[in-house]
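Here is a friendly walk through a ligand site and a few backbone details. Have a look at the model first, then read on.

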Amino acid sequence: MKAAFISIEGLEGAGKTTQRSVLESWITERFGAPLVTREPGGTPIAERIRSLLLSHDEEPLDAWSELLLVFAARRQHLTQVIQPALANGQWVISDRFTDASFAYQGGGRGLNWSHLQALEEWALAGFRPDLTLWLDCPIETGLARARQRGELDRIEAEDLAFFERARAGYERRFQEQPERIVRLDASVDIDALSQQVRAVLQERFS
Ligand code: Z5A
């Protein structure tokens, strides 16, 4: 089977990082160890852009600048890491990819949706994951799980309304691309969610 690219999406505390290891073991057993990566980040330059995006700064970061920075990091990640791995027959799992930009910058910041679609077309030549798992749970549930960690980064520090708009952004993207994006109920416990994840993998790739 051709190596596939799978992304995991969802708001903070949805369980993306936790479920990443479920995907990793399922793929390893069948197709060899996948490359496991994340966004923003995944290459040294893209990780530097990530620090810029998440750190608090006296100078406000303009919403379009934020979008262009995430896309600059993504283009770097795609060309330097993701595409070479896939060309080499290695599966790739990414904790977030372009759908996060539609959710946070399109939904959360309210940037023009069709401009984002155009950016996806020219910056990534329309490249998309083969499968995206959207871990969806009520915002308060995710925030309560994630916020035991302490200090909030620049995006985590946004208010509830921002995350509501971001969730609506995921919903819109899901409505537009239901073949690629699978929505999972992430309000359940870790084991129950892992079972949902394995069931999707089984259905798509066995
Ligand atoms: N961002 C953007 O704006 N535009 C873009 O294009 C991209 C990103 C790509 C960094 O993302 C920020 O970048 C993000 C969006 C923005 N900002 N926010 N908010 P990130 O992925 O690095 O950060 P994150 O979403 O904040 O990650 P997270 O808080 O670690 O969430 P998670 O990975 O989904 O959760 P987790 O680490 O697996 O679990 C969190 C805790 O909950 C942990 O204690 C678990 O044990 C527990 N947990 C997990 N699952 C469960 C279940 N099912 N039940 C109970 N407890 C659970």
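R96 is buried, at 15% relative accessible area, where buried means under 20%, exposed over 50% and partly exposed in between, using a 1.4 Å probe and the protein chains only. You will find R96 in the loop between β3 (92–95) and α4; helices (H or I, at least four residues) and strands (E, at least two) are DSSP runs, numbered from the N terminus. Its backbone has a positive phi of about 85 degrees, although R96 is not a glycine.

A word on the source: this is a predicted model, in which local features need pLDDT of at least 70, side-chain atom pairs count only at pLDDT 80 or more, and totals for chains, interfaces and linings use all residues. Residues are numbered from 1 along each chain as its sequence is written, and side-chain values use heavy atoms, with hydrogens and water left out.

R96 also belongs to the ligand site: along with T17, T18, S101 and R149, it comes nearest among the 28 residues around the ligand, a residue being near if one of its heavy atoms lies within 4 Å.

| Residue | Protein atom | Distance |
|---|---|---|
| R96 | side-chain N or O | 2.4 Å |
| G15 | polar backbone atom | 2.9 Å |
| A14 | backbone N or O | 3.3 Å |

On its own, the ligand has 1,100 Å² of accessible area, and the protein covers 84% of that (Shrake-Rupley method, 1.4 Å probe). Two or more residues of the shell come from each of α1 (16–31), α2 (44–54), α3 (63–87), α4 (98–108) and α6 (139–146). Helix α4 gives the most, with four residues.

S101 lies in that helix, α4, and counts as buried because its relative accessibility is 1%. Its side chain makes a polar contact of 2.8 Å with the side chain of R74; such a contact is a pair of N or O atoms within 3.5 Å, and within protein one must be able to donate a hydrogen and the other to accept it, while residues adjacent in sequence count only if both atoms are side-chain atoms.

Now for the backbone elsewhere. Most residues other than glycine have a negative phi, and most peptide bonds are trans. A125 has a positive phi near 50 degrees, and is exposed, with a relative accessible area of 66%. The peptide bond from E39 to P40 is cis, with omega near -10 degrees, and P40 is found in the loop between β2 (35–38) and α2.
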